[in-house]
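Subject: Structure handover

Hello,

Here is the structure that is now passing to you. Some notes on what was found follow below it.

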Amino acid sequence: MKRLNRRSFLAASAAMSATMSGAPAFAAPVTSAAAPTSKRSTPAPQTPSRPGTVDVVIVGAGAAGIAAARRLVSVGRRFALVEAAATVGGRCITDTATFGVPFDRGAHWIHMPDINPVAKLATQTGLDLYPAPPGQRVRIGRRYAREGEMEDYLGGVVRAATAIADASRKSDLPCAQALPKDLGGWRPMIEFVLGPFGCGKDLSEVSAADFARSAERDSDLLCRQGFGALLAKLAGGIPVELSNPVTRISWGARGGGVDVETARGQFEARAAIITVSTNVLSAGKIKFTPDLPKRQLDAAARLKLGSYDHVALELPGNPFGLRPDELVFEKADSNRTAALFANVSGTSLCIVDLGGSFGRDLAAKGDDAMFDFAQTWLGGLYGTDVAKVVKRRHATHWNDEPWIMGAFSAAAPGGQPSRKVLMESVNDRIWFAGEAAHETLWGTAGGAWESGERAADAVVKSLGRKPG
(Lines give C-alpha, C1' and ligand atoms only; values in the text may rest on other atoms or scores of the structure.)
Protein backbone atom coordinates (compact mmCIF):
# COMPACT_ATOMS: atom_id res chain seq x y z
CA MET A 1 0.00 0.00 0.00
CA LYS A 2 1.46 3.36 -1.02
CA ARG A 3 0.16 6.26 1.03
CA LEU A 4 0.69 10.01 0.78
CA ASN A 5 1.69 12.08 3.77
CA ARG A 6 3.22 15.56 4.01
CA ARG A 7 6.63 14.29 2.87
CA SER A 8 5.31 12.53 -0.21
CA PHE A 9 2.99 15.49 -0.88
CA LEU A 10 6.06 17.70 -1.21
CA ALA A 11 7.90 15.08 -3.27
CA ALA A 12 4.98 14.80 -5.66
CA SER A 13 4.73 18.56 -5.97
CA ALA A 14 8.46 18.79 -6.71
CA ALA A 15 8.18 16.08 -9.35
CA MET A 16 5.22 17.89 -10.90
CA SER A 17 7.09 21.21 -10.95
CA ALA A 18 10.10 19.57 -12.59
CA THR A 19 7.77 18.07 -15.18
CA MET A 20 6.34 21.48 -16.04
CA SER A 21 9.82 23.00 -16.35
CA GLY A 22 11.00 20.22 -18.62
CA ALA A 23 13.59 18.93 -16.14
CA PRO A 24 13.77 15.19 -15.46
CA ALA A 25 11.83 14.06 -12.37
CA PHE A 26 12.96 11.33 -10.03
CA ALA A 27 10.63 9.61 -8.53
CA ALA A 28 2.17 -1.63 -5.94
CA PRO A 29 -1.36 -14.63 -11.52
CA VAL A 30 -1.56 -16.20 -14.30
CA THR A 31 -1.83 -17.38 -17.79
CA SER A 32 -2.85 -15.32 -20.78
CA ALA A 33 -4.96 -16.24 -23.74
CA ALA A 34 -2.75 -13.98 -25.81
CA ALA A 35 0.52 -15.49 -24.66
CA PRO A 36 1.68 -18.92 -23.57
CA THR A 37 2.09 -19.72 -19.91
CA SER A 38 5.39 -18.11 -19.00
CA LYS A 39 8.21 -19.70 -17.07
CA ARG A 40 9.00 -17.95 -13.83
CA SER A 41 12.49 -17.04 -12.72
CA THR A 42 14.63 -19.95 -11.59
CA PRO A 43 13.97 -20.71 -7.90
CA ALA A 44 16.68 -20.71 -5.30
CA PRO A 45 18.93 -23.78 -5.08
CA GLN A 46 17.28 -26.37 -2.94
CA THR A 47 17.83 -29.74 -1.32
CA PRO A 48 14.38 -31.30 -0.89
CA SER A 49 13.81 -32.57 2.63
CA ARG A 50 12.36 -36.01 3.20
CA PRO A 51 9.21 -36.64 5.23
CA GLY A 52 10.16 -37.51 8.77
CA THR A 53 10.73 -35.90 12.15
CA VAL A 54 11.83 -32.26 12.44
CA ASP A 55 11.57 -29.50 15.01
CA VAL A 56 9.42 -27.21 12.85
CA VAL A 57 7.43 -27.41 9.62
CA ILE A 58 7.07 -24.11 7.76
CA VAL A 59 4.12 -24.04 5.39
CA GLY A 60 4.69 -21.63 2.50
CA ALA A 61 7.94 -20.29 0.99
CA GLY A 62 7.00 -16.66 0.48
CA ALA A 63 8.69 -13.80 2.32
CA ALA A 64 7.44 -14.95 5.75
CA GLY A 65 8.42 -18.58 5.19
CA ILE A 66 11.88 -17.68 3.89
CA ALA A 67 12.47 -15.34 6.84
CA ALA A 68 11.36 -18.00 9.34
CA ALA A 69 13.60 -20.60 7.71
CA ARG A 70 16.63 -18.30 7.77
CA ARG A 71 16.06 -17.61 11.45
CA LEU A 72 15.80 -21.35 12.25
CA VAL A 73 18.98 -22.01 10.26
CA SER A 74 20.77 -19.42 12.38
CA VAL A 75 19.94 -21.28 15.62
CA GLY A 76 20.52 -24.77 14.25
CA ARG A 77 16.94 -26.04 14.40
CA ARG A 78 15.78 -28.86 12.10
CA PHE A 79 12.92 -27.77 9.86
CA ALA A 80 11.05 -28.61 6.68
CA LEU A 81 9.96 -25.76 4.38
CA VAL A 82 7.14 -26.93 2.12
CA GLU A 83 5.60 -24.94 -0.72
CA ALA A 84 2.57 -25.77 -2.87
CA ALA A 85 3.80 -23.78 -5.89
CA ALA A 86 6.67 -24.64 -8.20
CA THR A 87 8.73 -21.62 -7.10
CA VAL A 88 9.62 -19.75 -3.95
CA GLY A 89 8.33 -16.22 -3.43
CA GLY A 90 4.60 -16.53 -2.75
CA ARG A 91 3.04 -13.29 -3.98
CA CYS A 92 6.44 -11.95 -4.99
CA ILE A 93 7.43 -13.66 -8.24
CA THR A 94 9.61 -12.35 -11.08
CA ASP A 95 8.86 -13.68 -14.57
CA THR A 96 11.67 -13.21 -17.10
CA ALA A 97 10.29 -15.30 -19.95
CA THR A 98 7.07 -13.56 -21.04
CA PHE A 99 8.68 -10.26 -22.08
CA GLY A 100 12.38 -11.10 -22.00
CA VAL A 101 12.83 -8.60 -19.14
CA PRO A 102 12.01 -8.90 -15.42
CA PHE A 103 8.26 -8.67 -14.80
CA ASP A 104 7.10 -8.75 -11.20
CA ARG A 105 3.76 -10.52 -11.21
CA GLY A 106 2.98 -9.38 -7.69
CA ALA A 107 4.89 -7.11 -5.30
CA HIS A 108 7.29 -4.68 -6.94
CA TRP A 109 7.98 -1.77 -4.55
CA ILE A 110 10.36 -2.31 -1.65
CA HIS A 111 8.73 0.03 0.86
CA MET A 112 10.53 2.07 3.53
CA PRO A 113 14.10 0.88 2.85
CA ASP A 114 15.37 2.57 6.02
CA ILE A 115 13.52 0.06 8.20
CA ASN A 116 12.62 -2.74 5.78
CA PRO A 117 14.54 -5.93 6.69
CA VAL A 118 14.38 -7.15 3.09
CA ALA A 119 16.01 -3.93 1.86
CA LYS A 120 18.75 -4.25 4.45
CA LEU A 121 19.52 -7.81 3.37
CA ALA A 122 19.33 -6.91 -0.32
CA THR A 123 22.77 -5.32 -0.21
CA GLN A 124 24.20 -8.82 0.26
CA THR A 125 22.65 -10.21 -2.92
CA GLY A 126 24.62 -8.29 -5.55
CA LEU A 127 21.39 -7.25 -7.28
CA ASP A 128 20.84 -3.70 -8.53
CA LEU A 129 18.62 -1.66 -6.23
CA TYR A 130 17.82 1.99 -6.85
CA PRO A 131 15.44 4.64 -5.45
CA ALA A 132 11.96 4.73 -6.93
CA PRO A 133 10.92 8.12 -8.31
CA PRO A 134 8.85 10.09 -5.78
CA GLY A 135 5.38 11.34 -6.58
CA GLN A 136 3.18 10.75 -9.59
CA ARG A 137 1.54 12.55 -12.48
CA VAL A 138 -2.17 12.90 -13.17
CA ARG A 139 -3.95 12.91 -16.52
CA ILE A 140 -7.05 15.07 -16.91
CA GLY A 141 -8.49 13.98 -20.20
CA ARG A 142 -5.60 14.08 -22.66
CA ARG A 143 -3.37 16.47 -20.74
CA TYR A 144 -1.44 16.45 -17.50
CA ALA A 145 -2.72 18.24 -14.42
CA ARG A 146 -1.42 21.75 -13.95
CA GLU A 147 0.33 22.93 -10.79
CA GLY A 148 -2.81 24.25 -9.10
CA GLU A 149 -4.73 21.11 -9.99
CA MET A 150 -2.01 18.91 -8.53
CA GLU A 151 -2.13 20.95 -5.33
CA ASP A 152 -5.91 20.46 -5.17
CA TYR A 153 -5.58 16.72 -5.69
CA LEU A 154 -2.72 16.17 -3.26
CA GLY A 155 -4.38 18.37 -0.68
CA GLY A 156 -7.53 16.26 -1.05
CA VAL A 157 -5.54 13.07 -0.45
CA VAL A 158 -4.02 14.50 2.72
CA ARG A 159 -7.43 15.68 3.98
CA ALA A 160 -8.96 12.28 3.24
CA ALA A 161 -6.21 10.35 5.05
CA THR A 162 -6.40 12.74 8.00
CA ALA A 163 -10.19 12.39 8.22
CA ILE A 164 -9.89 8.59 8.22
CA ALA A 165 -7.30 8.72 11.00
CA ASP A 166 -9.44 11.10 13.06
CA ALA A 167 -12.56 8.95 12.63
CA SER A 168 -10.69 5.77 13.60
CA ARG A 169 -10.06 7.17 17.09
CA LYS A 170 -13.80 7.08 17.75
CA SER A 171 -14.87 3.86 16.02
CA ASP A 172 -13.60 1.39 13.46
CA LEU A 173 -15.97 2.38 10.67
CA PRO A 174 -15.50 1.91 6.90
CA CYS A 175 -12.97 4.37 5.46
CA ALA A 176 -15.54 5.58 2.92
CA GLN A 177 -17.78 6.90 5.69
CA ALA A 178 -14.96 9.04 7.08
CA LEU A 179 -14.11 10.89 3.87
CA PRO A 180 -14.61 14.67 3.97
CA LYS A 181 -17.45 16.16 1.91
CA ASP A 182 -15.30 18.75 0.10
CA LEU A 183 -13.29 16.50 -2.22
CA GLY A 184 -15.29 17.67 -5.22
CA GLY A 185 -14.41 16.18 -8.60
CA TRP A 186 -11.29 14.59 -7.16
CA ARG A 187 -13.26 12.15 -5.00
CA PRO A 188 -13.37 9.15 -7.41
CA MET A 189 -9.62 9.38 -8.01
CA ILE A 190 -8.82 9.80 -4.31
CA GLU A 191 -11.04 6.83 -3.48
CA PHE A 192 -9.13 4.78 -6.06
CA VAL A 193 -5.68 5.83 -4.87
CA LEU A 194 -6.41 5.17 -1.20
CA GLY A 195 -8.65 2.14 -1.75
CA PRO A 196 -8.15 -0.20 -4.74
CA PHE A 197 -4.62 1.02 -5.50
CA GLY A 198 -3.47 1.21 -1.88
CA CYS A 199 -5.49 -1.55 -0.21
CA GLY A 200 -6.79 -3.79 -2.99
CA LYS A 201 -10.33 -3.05 -1.78
CA ASP A 202 -12.89 -0.28 -2.11
CA LEU A 203 -12.79 2.10 0.85
CA SER A 204 -16.25 0.90 1.88
CA GLU A 205 -14.63 -2.48 2.65
CA VAL A 206 -11.59 -1.20 4.56
CA SER A 207 -11.25 -0.65 8.31
CA ALA A 208 -10.47 2.96 9.18
CA ALA A 209 -8.40 1.76 12.16
CA ASP A 210 -6.38 -0.59 9.93
CA PHE A 211 -5.78 2.17 7.40
CA ALA A 212 -4.74 4.63 10.11
CA ARG A 213 -2.34 2.18 11.77
CA SER A 214 -0.50 1.28 8.58
CA ALA A 215 2.97 2.80 8.44
CA GLU A 216 3.51 5.66 6.00
CA ARG A 217 5.10 4.27 2.84
CA ASP A 218 6.56 7.39 1.36
CA SER A 219 9.89 6.09 0.05
CA ASP A 220 10.70 2.98 -1.96
CA LEU A 221 13.45 1.05 -3.65
CA LEU A 222 13.15 -0.91 -6.87
CA CYS A 223 15.18 -3.94 -7.90
CA ARG A 224 16.23 -3.94 -11.54
CA GLN A 225 16.24 -7.75 -11.63
CA GLY A 226 12.81 -7.91 -9.93
CA PHE A 227 11.57 -8.14 -6.35
CA GLY A 228 10.82 -11.83 -6.84
CA ALA A 229 14.39 -12.42 -7.97
CA LEU A 230 15.56 -10.68 -4.80
CA LEU A 231 13.48 -12.97 -2.57
CA ALA A 232 14.74 -16.02 -4.47
CA LYS A 233 18.29 -14.87 -3.78
CA LEU A 234 17.53 -14.55 -0.09
CA ALA A 235 16.19 -18.11 -0.15
CA GLY A 236 19.46 -19.38 -1.61
CA GLY A 237 20.77 -22.51 0.11
CA ILE A 238 17.58 -23.14 2.08
CA PRO A 239 16.13 -26.63 1.47
CA VAL A 240 12.62 -26.28 0.05
CA GLU A 241 10.00 -28.87 -0.88
CA LEU A 242 8.40 -27.31 -3.98
CA SER A 243 5.13 -28.41 -5.62
CA ASN A 244 4.21 -30.18 -2.40
CA PRO A 245 0.99 -28.74 -0.95
CA VAL A 246 0.08 -29.36 2.67
CA THR A 247 -3.29 -31.09 2.90
CA ARG A 248 -3.82 -31.62 6.64
CA ILE A 249 -2.31 -30.54 9.95
CA SER A 250 -3.12 -32.58 13.05
CA TRP A 251 -2.29 -30.82 16.29
CA GLY A 252 -4.52 -32.29 18.99
CA ALA A 253 -2.62 -35.45 19.91
CA ARG A 254 -1.49 -35.96 23.47
CA GLY A 255 2.14 -35.30 24.16
CA GLY A 256 2.28 -32.22 21.94
CA GLY A 257 3.58 -31.77 18.46
CA VAL A 258 1.96 -31.65 15.04
CA ASP A 259 1.63 -34.03 12.12
CA VAL A 260 1.77 -32.29 8.75
CA GLU A 261 0.46 -34.26 5.78
CA THR A 262 1.67 -33.24 2.33
CA ALA A 263 1.15 -34.55 -1.17
CA ARG A 264 4.43 -36.48 -0.85
CA GLY A 265 4.35 -37.73 2.71
CA GLN A 266 4.00 -36.73 6.35
CA PHE A 267 6.21 -34.75 8.69
CA GLU A 268 6.20 -35.07 12.44
CA ALA A 269 7.21 -31.86 14.15
CA ARG A 270 7.13 -30.14 17.49
CA ALA A 271 5.59 -27.00 15.96
CA ALA A 272 4.34 -25.52 12.68
CA ILE A 273 4.56 -22.02 11.22
CA ILE A 274 1.71 -21.39 8.76
CA THR A 275 2.36 -18.61 6.25
CA VAL A 276 -0.44 -19.25 3.74
CA SER A 277 -2.81 -16.40 2.91
CA THR A 278 -5.91 -15.63 4.96
CA ASN A 279 -8.05 -16.54 1.95
CA VAL A 280 -6.50 -20.00 1.82
CA LEU A 281 -7.13 -20.43 5.54
CA SER A 282 -10.75 -19.27 5.24
CA ALA A 283 -11.38 -21.52 2.24
CA GLY A 284 -10.33 -24.63 4.19
CA LYS A 285 -7.69 -25.59 1.63
CA ILE A 286 -5.69 -27.05 4.53
CA LYS A 287 -7.65 -29.28 6.89
CA PHE A 288 -6.92 -29.01 10.60
CA THR A 289 -7.55 -31.81 13.11
CA PRO A 290 -9.07 -30.70 15.38
CA ASP A 291 -10.47 -27.59 13.70
CA LEU A 292 -8.69 -24.34 14.36
CA PRO A 293 -10.26 -22.32 17.19
CA LYS A 294 -13.07 -20.02 16.11
CA ARG A 295 -10.99 -17.07 17.30
CA GLN A 296 -8.34 -17.65 14.61
CA LEU A 297 -10.85 -18.55 11.89
CA ASP A 298 -12.84 -15.38 12.55
CA ALA A 299 -9.63 -13.34 12.45
CA ALA A 300 -8.67 -14.77 9.05
CA ALA A 301 -12.16 -14.02 7.73
CA ARG A 302 -11.87 -10.37 8.78
CA LEU A 303 -8.47 -10.10 7.12
CA LYS A 304 -9.35 -11.46 3.70
CA LEU A 305 -7.25 -10.47 0.71
CA GLY A 306 -8.37 -7.80 -1.70
CA SER A 307 -8.00 -7.90 -5.48
CA TYR A 308 -5.04 -6.41 -7.37
CA ASP A 309 -3.85 -7.46 -10.82
CA HIS A 310 -1.42 -6.30 -13.47
CA VAL A 311 -2.11 -5.94 -17.17
CA ALA A 312 1.40 -5.82 -18.61
CA LEU A 313 1.90 -4.37 -22.08
CA GLU A 314 5.07 -4.20 -24.14
CA LEU A 315 5.09 -0.76 -25.79
CA PRO A 316 8.24 -0.37 -27.93
CA GLY A 317 9.37 3.13 -28.76
CA ASN A 318 7.82 4.76 -25.68
CA PRO A 319 4.71 6.05 -27.54
CA PHE A 320 3.49 8.08 -24.54
CA GLY A 321 6.81 9.83 -23.90
CA LEU A 322 7.03 8.61 -20.29
CA ARG A 323 10.10 8.38 -18.08
CA PRO A 324 11.39 5.17 -16.47
CA ASP A 325 9.27 3.94 -13.55
CA GLU A 326 6.76 6.76 -13.92
CA LEU A 327 3.48 6.43 -12.04
CA VAL A 328 0.40 7.98 -13.67
CA PHE A 329 -3.17 8.26 -12.40
CA GLU A 330 -6.33 9.55 -14.03
CA LYS A 331 -8.79 12.15 -12.72
CA ALA A 332 -11.62 9.68 -13.03
CA ASP A 333 -15.36 10.19 -12.74
CA SER A 334 -16.12 6.63 -11.53
CA ASN A 335 -14.42 3.51 -10.19
CA ARG A 336 -13.63 2.35 -13.74
CA THR A 337 -10.06 3.54 -13.52
CA ALA A 338 -6.53 2.24 -13.06
CA ALA A 339 -2.91 3.25 -12.48
CA LEU A 340 -0.10 3.17 -15.03
CA PHE A 341 3.41 2.15 -14.03
CA ALA A 342 5.43 2.94 -17.13
CA ASN A 343 8.75 1.84 -18.62
CA VAL A 344 9.64 -0.50 -15.76
CA SER A 345 13.35 -0.15 -14.93
CA GLY A 346 13.86 1.65 -18.22
CA THR A 347 12.37 -1.12 -20.40
CA SER A 348 9.39 -0.92 -22.76
CA LEU A 349 7.23 -2.81 -20.25
CA CYS A 350 4.24 -0.80 -19.01
CA ILE A 351 1.83 -2.08 -16.37
CA VAL A 352 -1.80 -1.10 -15.90
CA ASP A 353 -2.82 -1.86 -12.31
CA LEU A 354 -6.42 -2.89 -11.55
CA GLY A 355 -7.80 -3.23 -8.03
CA GLY A 356 -10.84 -3.33 -5.81
CA SER A 357 -14.29 -4.48 -6.88
CA PHE A 358 -13.93 -3.14 -10.42
CA GLY A 359 -10.61 -4.90 -10.91
CA ARG A 360 -11.95 -8.12 -9.40
CA ASP A 361 -15.03 -8.14 -11.64
CA LEU A 362 -12.96 -7.32 -14.72
CA ALA A 363 -10.44 -10.06 -14.00
CA ALA A 364 -13.27 -12.55 -13.60
CA LYS A 365 -14.26 -11.85 -17.22
CA GLY A 366 -10.88 -13.05 -18.45
CA ASP A 367 -7.82 -11.79 -20.27
CA ASP A 368 -9.60 -10.31 -23.28
CA ALA A 369 -11.75 -8.06 -21.10
CA MET A 370 -8.69 -6.95 -19.14
CA PHE A 371 -6.68 -6.22 -22.30
CA ASP A 372 -9.57 -4.37 -23.89
CA PHE A 373 -10.07 -2.13 -20.86
CA ALA A 374 -6.34 -1.39 -20.43
CA GLN A 375 -5.83 -0.51 -24.08
CA THR A 376 -9.01 1.57 -24.32
CA TRP A 377 -8.20 3.36 -21.05
CA LEU A 378 -4.68 4.26 -22.19
CA GLY A 379 -5.98 5.32 -25.59
CA GLY A 380 -8.42 7.67 -23.92
CA LEU A 381 -5.62 9.28 -21.92
CA TYR A 382 -3.05 9.60 -24.69
CA GLY A 383 -5.07 9.60 -27.90
CA THR A 384 -3.28 6.55 -29.25
CA ASP A 385 -4.65 3.36 -30.77
CA VAL A 386 -2.79 1.24 -28.22
CA ALA A 387 -3.75 -2.07 -29.82
CA LYS A 388 -1.63 -1.10 -32.84
CA VAL A 389 1.52 -0.42 -30.83
CA VAL A 390 1.37 -3.26 -28.27
CA LYS A 391 3.83 -6.03 -29.05
CA ARG A 392 3.24 -8.55 -26.25
CA ARG A 393 0.76 -8.50 -23.40
CA HIS A 394 -0.03 -10.48 -20.29
CA ALA A 395 -2.48 -10.36 -17.38
CA THR A 396 -2.20 -11.73 -13.86
CA HIS A 397 -5.08 -13.46 -12.08
CA TRP A 398 -4.15 -13.60 -8.40
CA ASN A 399 -7.70 -14.35 -7.32
CA ASP A 400 -7.51 -17.60 -9.30
CA GLU A 401 -4.17 -18.75 -7.89
CA PRO A 402 -5.31 -21.84 -5.92
CA TRP A 403 -2.80 -21.44 -3.07
CA ILE A 404 -3.09 -17.64 -2.75
CA MET A 405 -6.60 -16.59 -3.86
CA GLY A 406 -6.11 -12.82 -3.83
CA ALA A 407 -3.70 -9.94 -3.49
CA PHE A 408 -2.98 -8.68 0.03
CA SER A 409 -4.80 -8.25 3.30
CA ALA A 410 -6.82 -5.18 4.32
CA ALA A 411 -8.97 -5.56 7.42
CA ALA A 412 -12.74 -5.27 7.12
CA PRO A 413 -14.40 -2.54 9.22
CA GLY A 414 -14.12 -3.61 12.85
CA GLY A 415 -11.45 -6.16 11.96
CA GLN A 416 -8.21 -4.38 12.82
CA PRO A 417 -7.77 -6.24 16.17
CA SER A 418 -7.79 -9.49 14.19
CA ARG A 419 -4.18 -8.92 13.18
CA LYS A 420 -3.06 -9.28 16.78
CA VAL A 421 -5.24 -12.39 17.14
CA LEU A 422 -3.52 -13.93 14.12
CA MET A 423 -0.17 -13.41 15.83
CA GLU A 424 -1.18 -15.61 18.77
CA SER A 425 -0.06 -19.22 18.90
CA VAL A 426 -2.54 -22.07 18.92
CA ASN A 427 -1.71 -24.19 21.95
CA ASP A 428 2.01 -23.42 21.51
CA ARG A 429 2.03 -25.71 18.49
CA ILE A 430 0.87 -23.56 15.59
CA TRP A 431 1.97 -20.03 14.73
CA PHE A 432 0.78 -17.89 11.83
CA ALA A 433 2.93 -15.51 9.83
CA GLY A 434 2.61 -13.38 6.71
CA GLU A 435 1.73 -9.83 5.77
CA ALA A 436 -1.72 -10.22 7.37
CA ALA A 437 -0.04 -10.93 10.72
CA HIS A 438 1.51 -7.49 11.02
CA GLU A 439 -0.29 -4.49 12.50
CA THR A 440 1.51 -1.68 10.67
CA LEU A 441 3.28 -3.24 7.65
CA TRP A 442 0.37 -5.33 6.36
CA GLY A 443 0.27 -5.66 2.61
CA THR A 444 4.06 -5.58 2.29
CA ALA A 445 6.81 -8.16 1.85
CA GLY A 446 8.73 -6.37 4.60
CA GLY A 447 5.83 -6.91 7.00
CA ALA A 448 5.62 -10.57 5.98
CA TRP A 449 9.37 -10.96 6.56
CA GLU A 450 9.17 -9.43 10.05
CA SER A 451 6.22 -11.66 10.94
CA GLY A 452 8.15 -14.75 9.81
CA GLU A 453 11.11 -13.83 12.00
CA ARG A 454 8.78 -13.10 14.91
CA ALA A 455 7.05 -16.48 14.58
CA ALA A 456 10.37 -18.32 14.34
CA ASP A 457 11.65 -16.58 17.46
CA ALA A 458 8.47 -17.53 19.33
CA VAL A 459 8.79 -21.15 18.23
CA VAL A 460 12.44 -21.34 19.29
CA LYS A 461 11.53 -19.92 22.70
CA SER A 462 8.68 -22.42 23.04
CA LEU A 463 10.90 -25.36 22.11
CA GLY A 464 13.39 -24.41 24.75
CA ARG A 465 17.06 -25.24 24.84
CA LYS A 466 18.30 -27.38 21.97
CA PRO A 467 19.20 -30.90 23.15
CA GLY A 468 22.91 -31.68 23.26
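How do the residues of the lining of the largest cavity divide into nonpolar, polar and charged? First, the basis: this is a predicted model, in which local features need pLDDT of at least 70 and side-chain atom pairs count only at pLDDT 80 or more, while totals for chains, interfaces and linings use all residues. Residues are numbered from 1 along each chain as its sequence is written, and side-chain values use heavy atoms, with hydrogens and water left out.

The cavity

The lining divides into nine nonpolar, four polar and two charged residues. Ala, Val, Leu, Ile, Met, Phe, Trp, Tyr, Cys and Pro count as nonpolar, Asp, Glu, Lys and Arg as charged, and the others, Gly among them, as polar. A cavity is a set of points, on a 1 Å grid over the protein atoms alone, where a 1.4 Å probe fits but cannot get out; lining residues have an atom within 4 Å of a point. The largest cavity holds about 90 Å³ of space, the volume being that filled by probe spheres set on the points, which are joined across faces, edges and corners. Of its 15 lining residues, V276, S277, T278, A433 and A436 lie nearest the centre.

T278 belongs to helix α9 (residues 278-283); helices (H or I, at least four residues) and strands (E, at least two) are DSSP runs numbered from the N terminus. T278 has a relative accessible area of 2% and is buried (under 20%; exposed is over 50%, partly exposed in between, with a 1.4 Å probe and protein chains only). Its side chain reaches the backbone oxygen of L303 at 2.7 Å.

Aromatic rings

The whole structure has 13 aromatic pairs: rings of Phe, Tyr and Trp (its six-membered ring) with centres within 6.5 Å, called stacked if the planes are under 30 degrees apart, edge-to-face if over 60 and tilted otherwise. Y144 and Y382 are edge-to-face, at 6.4 Å centre to centre and 65° between the planes. Y144 lies in strand β8 (residues 143-144) and Y382 in helix α12 (residues 367-382), so this pair ties together parts 238 residues apart in sequence. Y144 is partly exposed at 22% relative accessible area, and Y382 is buried at 14%.

F197 and Y308 form a tilted pair, 6.3 Å centre to centre with 45° between the planes. Both F197 and Y308 are buried. Ring pairs also link them into a cluster with W109, F192, F329, F341 and F408.

Regards

Terms used
1 Å grid on protein atoms, 1.4 Å probe; cavity = no way out; pocket = protein on both sides within 12 Å on 5 of 7 lines; lining within 4 Å. Polar contact = N/O pair within 3.5 Å; in protein donor to acceptor, adjacent residues only side chain to side chain.
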